[in-house]
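Please read it alongside the sequence and the structure shown here.

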Amino acid sequence: MRVRQLTSAGDMRFGHQQYDFYRDIPEAPAQCVQTRLMFWQGEWYLDLTDGTPYQGGVLGTNTELTADSVIRDRILNTRGVTGIAEGSYNSQLDRATRRLSAACTVDTAFGLAEVTI
């Protein structure tokens, strides 16, 4: 699996030839998970059904029961991810700031990797 690295600002990294890529290491699928979770459903004009269904599934009222399952499903359906390490998924909902954060350890075809969203 070969994935172009992203900078801390979220831009693609260029200028270092093959050093700009993750190749067959756990960070490759982990970065794909983070990228997929940033991608909102309906954002891509060629396939409006693709993306994370934040509106109605994660955001809004009465979504406490569905938010974790939506995020976990998106993680598990990422190429290169074979599972989520037992007991590693943790999410925190801060009602004051209306922010949901989650972290987990994903089991990939190349080993374990930490993912934080």
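Does tryptophan 40 count as buried, partly exposed or exposed, and what is its relative accessibility? Tryptophan 40 counts as partly exposed, at 35% relative accessibility. The classes are defined with a 1.4 Å probe and protein chains only: buried means under 20% relative accessible area, exposed means over 50%, and partly exposed lies in between.

The model is predicted, so local features need pLDDT of at least 70 and side-chain atom pairs count only at pLDDT 80 or more, whereas totals for chains, interfaces and linings use all residues. Residues are numbered from 1 along each chain as its sequence is written, and side-chain values use heavy atoms, with hydrogens and water left out.

## Aromatic residues and the loop between H1 and H2

The structure holds 1 aromatic pair. Tryptophan 40 and tyrosine 54 form this pair, which is tilted, with 4.8 Å from centre to centre and 45° between the planes. The pair links distant parts of the chain, since tryptophan 40 is in the loop between H1 and H2 and tyrosine 54 is in helix H2, 14 residues apart. For such a pair, the ring centres of Phe, Tyr or Trp (its six-membered ring) must lie within 6.5 Å; planes under 30 degrees apart count as stacked, over 60 as edge-to-face and the rest as tilted.

Tyrosine 45 is placed in the loop between helix H1 (27–38) and helix H2 (54–57). Helices (H or I, at least four residues) and strands (E, at least two) are DSSP runs, numbered from the N terminus. Tyrosine 45 is exposed, because its relative accessible area is 68%. Together with Trp44 and Leu46, Tyr45 forms a nonpolar patch on the surface, with about 400 Å² of accessible area together. Patches are made of residues with over 30% relative accessible area and no salt bridge; like charges are joined within 9 Å and nonpolar side chains (Val, Leu, Ile, Met, Phe, Trp, Tyr) within 5 Å. Accessible areas come from the Shrake-Rupley method with a 1.4 Å probe, and for residues only the protein chains shown count as cover.

## Salt bridges

A salt bridge is a side-chain nitrogen of Lys or Arg within 4 Å of a carboxyl oxygen of Asp or Glu. By this rule the count comes to 3 salt bridges.

| Arginine 13 | Aspartate 20 | 3.3 Å |

In the bridge between arginine 13 and aspartate 20, arginine 13 counts as partly exposed at 26% relative accessibility, whereas aspartate 20 counts as buried at 2%.

Aspartate 50 is partly exposed at 26% relative accessibility, and arginine 74 is buried at 9%.

Arginine 95 is exposed, with a relative accessible area of 58%, and glutamate 64 is partly exposed, with 40%.

## Charges over rings

The charged end of arginine 2 sits over the ring of phenylalanine 21, 3.8 Å from its centre. Likewise, the charged end of arginine 72 sits over the ring of tyrosine 89, 5.0 Å from its centre. The criterion is that NZ of Lys or CZ of Arg is within 6 Å of the ring centre and within 35 degrees of the ring normal.

## Cysteines

A disulfide is a pair of cysteine sulfur atoms within 2.5 Å. By this rule the count comes to 0 disulfides. Cysteine 32 is in no disulfide, and the nearest cysteine sulfur, that of cysteine 104, is 14 Å away. Cysteine 104 counts as buried, at 3% relative accessibility.

## Positive phi values

Asparagine 62 has a positive phi of about 60° although it is not a glycine. Asparagine 62 is found in the loop between H2 and H3 and counts as exposed, at 70% relative accessibility. Arginine 98, also a residue other than glycine, has a positive phi near 55°. Arginine 98 is found in the loop between S4 and S5 and is exposed, with a relative accessible area of 75%.
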